Amino acid sequence: PTAYRPEPGDEGPGRMPQSAEEAFLLVATAYETLKDEETRKDYDYMLDHPEEYYSHYYHYYSRRLAPKVDVRVVILVSVCAISVFQFFSWWNSYDKAISYLATVPKYRIQAMEIAKQQGLLRKAKEKGRNKKSKEEIRDEEENIIKNIIKSKIDIKGGYQKPQICDLLLFQILLAPFHLCSYIVWYCRWIYNFNIKGKEYGEEERLYIIRKSMKMSKSQFDSLEDHQKETFLKRELWIKENYEVYKQEQEEELKKKLANDPRWKRYRRWMKNEGPGRLTFVD
């Protein structure tokens, strides 16, 4: 329409650039309506059923405002982005844990002893002599110590080494497998221990103890081996024994809090001032 110029002698009603723009909009609207087979069906249906006024509006705007990209593609890209973020976040936490352990004297001395036995520190100094600065040699020795700590220490919990199978993408892909495995495991548990009345093994006993303590698998695995042995010796998979153990732990916690100076100050303040009071002296 912007390029339309009427020929000489064609001026008159319906020959102005404004009329050309209106005609162009009508043609464009007709093309947008009839170019697609689905919208053409909606248009034909509108002509056959003009009384369904609101239904036509709904179909029109549902197609007009519908996302142009497949929702499945959006979900897949989002899951992949979250998985990548998870991996780098977990790896950063793992590196921070290793860097911290490298500063703890207990682990650092042990790592240095292993490095000396294997001759890694001597090789780093000989390799870097007359070629690298002291800072570069120090950084290389630090990396050797960190690598030994990585290989010798099994970190569990929130700072453990990231595993690809723990990412959201792989968890979704493996969800059917985990579900089927859980169903098979649960059926075996019911059959072996509820129907046949078999005695619990060590793995089953620890599972019952973990469920009683309301701990996740990663939290329970992060406990020391001697703690788990104590649980088994006290037969905490038996409900009555666990209730006694739980009460003992609560009493011990109360004693610790009673001897804690901060807890004593708090109780003294609660006794003298009471909750919900605020003065200028405070």
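Me: How many nonpolar, polar and charged residues does the lining of the largest pocket have?
Reply: This is a predicted model, and its largest pocket, with a volume of about 740 Å³, is lined by 19 residues. Sorted by class, that lining has 6 nonpolar, 5 polar and 8 charged residues.

Me: Which element gives the most to the lining of the largest pocket?
Reply: The residues nearest the pocket centre include Glu32, Thr39 and Tyr60. The elements that give two or more residues to the lining are helix H1 (17-34), helix H2 (37-48) and helix H3 (53-64). With 7 residues, the element that gives the most is H3.

Me: Which residue caps the N-terminal end of H2?
Reply: H2 has 12 residues and reaches 17 Å from its first C-alpha to its last, which is close to the 16 Å expected at 1.5 Å a residue. At its N-terminal end, a side-chain oxygen lies 3.1 Å from the backbone nitrogen of Glu38, and the capping residue that supplies this oxygen is Asp36.

Me: How far apart are the end C-alpha atoms of residues 168-187?
Reply: UniProt, in an unreviewed entry, lists residues 73-91 and 168-187 under "transmembrane region". Residues 73-91 are 100% helix and 0% strand in the model, with end C-alpha atoms 27 Å apart. Over residues 168-187 the chain is 95% helix and 0% strand, and the distance between the end C-alpha atoms is 27 Å.

How values were computed:
Residues numbered from 1 in each chain as written. Predicted model: local features only at pLDDT ≥ 70, side-chain atom pairs only at ≥ 80, totals over all residues. Heavy atoms only, no water. UniProt positions renumbered as here; feature names shortened; annotations may be inferred. Helix = DSSP H or I, 4+ residues; strand = E, 2+ residues; numbered from the N terminus. 1 Å grid on protein atoms, 1.4 Å probe; cavity = no way out; pocket = protein on both sides within 12 Å on 5 of 7 lines; lining within 4 Å. Points joined across faces, edges and corners; volume = space filled by probe spheres on them. Nonpolar A, V, L, I, M, F, W, Y, C, P; charged D, E, K, R; others polar. Expected span 1.5 Å × (residues − 1). Polar contact = N/O pair within 3.5 Å; in protein donor to acceptor, adjacent residues only side chain to side chain.
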